[in-house]
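Let's take a walk through a protein fold together. Have a look at the picture first, then read on.

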Amino acid sequence: MRKYVIMGVQGSGKGTQAKLLASDLDLVHISVGDIYRWHVQYHTKIGAQVRRAMTAGELVDDALTESVVHDRLALHDWSYGFVLDGFPRNRRQAEFFMERYDVDAVIHLDLPDSEVRRRVLARRLCAGCGLDYNLIEHRPAKEGRCDACGGELVSREDDTEEALAVRLADYHRLTDPVLELFRAKEQVVTVDARPAKAAIQRTIRDHLNLPQRRRAT
Ligand code: AMP
């Protein structure tokens, strides 16, 4: 059984790395953000409670998030283990988690704020079909237009310089202390999140003494 928490600032690629790690090791990828997005999409009662905070890029209420994580882990569909992505995100959540669960390691994807800014401000979304673009890695053939449907490419409402500054400051204020708490109890592996995604995955596995992926990523 292998149990990991993955942490990293927005844009650090933690969802991507969590999925790569989980896929061939039979671990269950548990993303709190994905669970909340599902609730919003299907208009559940929880969806109604979290929508406003999510749209504003703020954290959802701690008690609700703790019960969502508790209920998800209580399903016990993770007989080979899990990669928990997006939790804990502040001191209270970390204390809740550490009182109840043990993990083998915490994977910390480290990305300087300047690089977060560069990546996030390059994100675009097609106003027509919703396809994601990142102008650093994936430029459309025709500037400002979607390759798939020809729709206009726009920035997400919360991807402005000002909103990003607030989110980064919140992340450092609330989430940096979580790493300190974990360091006192668990193995924390810090990995540079700037190289290509396959190289990052290899480094994570080296640090955790895990077999490398067989297929190219
Ligand atoms: P993510 O996909 O991890 O960026 O999460 C998307 C959104 O879900 C966040 O902006 C929060 O509104 C909410 N969320 C995810 N994880 C947590 C958490 N641990 N505590 C509170 N809110 C969360």
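What follows goes from the sheet to the helices, the domains and then some charged side chains.

First, some ground rules: this is a predicted model, in which local features need pLDDT of at least 70 and side-chain atom pairs count only at pLDDT 80 or more, while totals for chains, interfaces and linings use all residues. Residues are numbered from 1 along each chain as its sequence is written, and side-chain values use heavy atoms, leaving out hydrogens and water.

Start with the sheet. Strands of a sheet pair through backbone hydrogen bonds, either parallel or antiparallel. Here you have an open sheet of five strands in the order β2-β3-β1-β4-β8, and the pairing is parallel. The names come from DSSP runs numbered from the N terminus: helices are H or I with at least four residues, strands are E with at least two. Two strands count as paired if DSSP finds at least two bridges between them. At the edges sit β2 (28–31) and β8 (187–192), each pairing on one side only. On average, neighbouring strands of this sheet are turned by 20 degrees against each other, direction ignored.

Val-28, for instance, has Phe-82 in β3 as its bridge partner.

Helix α7 (residues 161–183) lies across β1, β4 and β8, at about 150 degrees to β1.

Step back and look at the whole chain. It is divided into domain 1 (2–111 + 160–208) and domain 2 (122–158), with bounds that come from an automatic or database domain assignment. The centres of the two domains, taken over C-alpha atoms, are 27 Å apart. Five residues from domain 1 and four residues from domain 2 make the contact.

Next, the charges. A salt bridge here is a side-chain nitrogen of Lys or Arg within 4 Å of a carboxyl oxygen of Asp or Glu, and the whole structure has 15 of these salt bridges. One of them joins Lys-185 and Asp-102, with the closest N and O atoms 3.4 Å apart. This pair links distant parts of the chain: Lys-185 is in the loop between α7 and β8, and Asp-102, 83 residues away, is in the loop between α5 (91–100) and β4. Lys-185 is partly exposed, at 42% relative accessibility (buried means under 20% relative accessible area, exposed over 50% and partly exposed in between, with a 1.4 Å probe and protein chains only).

Compare that with Arg-173 and Asp-170, whose side chains meet in a salt bridge at 3.0 Å, N to O. They are about one helical turn apart, because they sit three residues from each other in helix α7.

So which charged residue is buried yet has no salt bridge? That is Asp-62, which lies in helix α4 (residues 62–74). The nearest side chain of opposite charge, Arg-92, is 4.2 Å away; Lys and Arg count as positive, Asp and Glu as negative, and His and the chain ends are not counted.

Technical notes: Axes are lines fitted to C-alpha atoms, for helices over the stretch in contact, and angles run from 0 to 180 degrees between N-to-C directions. Contact means heavy atoms within 4.5 Å.
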